[in-house]
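Please keep the structure open as you read.

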Amino acid sequence: MFSITSEKPFALSEVAQRVLIVLGRENRGLTVRELVEKTDTNSGSRKRALEELTELKLIKEEKVNVFPYRRLISLTELGKEVAKRVIEIEELIKKVRTND
């Protein structure tokens, strides 16, 4: 049972939201390098965001064992649903800002 006093409010970090948006729009797995470039983040904040999203089971990691060796990050089914909603919210906020 949810109790306002016993649980902290849920929120995704800004970097985690950016990762979800990029993965949701790309609709494919991306390497860590591609994520860094597309989210314009540093390695520390990116690492924390990936840990956060992995813990929430929103992303999965696949190691490619063929040269060049790399890790592909992609959305889980739940991650696709959450990314879809985050993208919708982002688009709504952009729409509101352009109507001011």
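Contact here means heavy atoms within 4.5 Å. Helices (H or I, at least four residues) and strands (E, at least two) are DSSP runs, numbered from the N terminus. This is a predicted model, where local features need pLDDT of at least 70, side-chain atom pairs count only at pLDDT 80 or more, and totals for chains, interfaces and linings use all residues. Residues are numbered from 1 along each chain as its sequence is written, and side-chain values use heavy atoms, with hydrogens and water left out.

**Helix 1 with helix 4**
- Q17, L20, I21, G24 and R25 of helix 1 touch G79, V82, A83, V86, I87, E90 and E91 of helix 4.

**Helix 1 with helix 3**
- The axes (lines fitted to C-alpha atoms, for helices over the stretch in contact, with angles from 0 to 180 degrees between N-to-C directions) of helix 1 (residues 14–26) and helix 3 (residues 43–55) come within 8 Å and cross at roughly 75°.
- V15, A16, V19 and L20 of helix 1 form this contact with S45, R46, A49, L50, E52 and L53 of helix 3.

**The two sides of helix 3**
- S45, R46, A49, L50 and L53 are the buried residues of helix 3; buried means under 20% relative accessible area, exposed over 50%, and partly exposed in between (1.4 Å probe, protein chains only).
- Seen down the helix 3 axis, these buried residues fall within an arc of 135°, so they line one face; the arc is that of the directions from the helix axis to the C-beta atoms.
- R48 and E55 are exposed on the other side of helix 3.
- The cover over the buried residues of helix 3 includes helix 1, helix 2 (32–39), strand 2 (59–64) and strand 3 (70–75).
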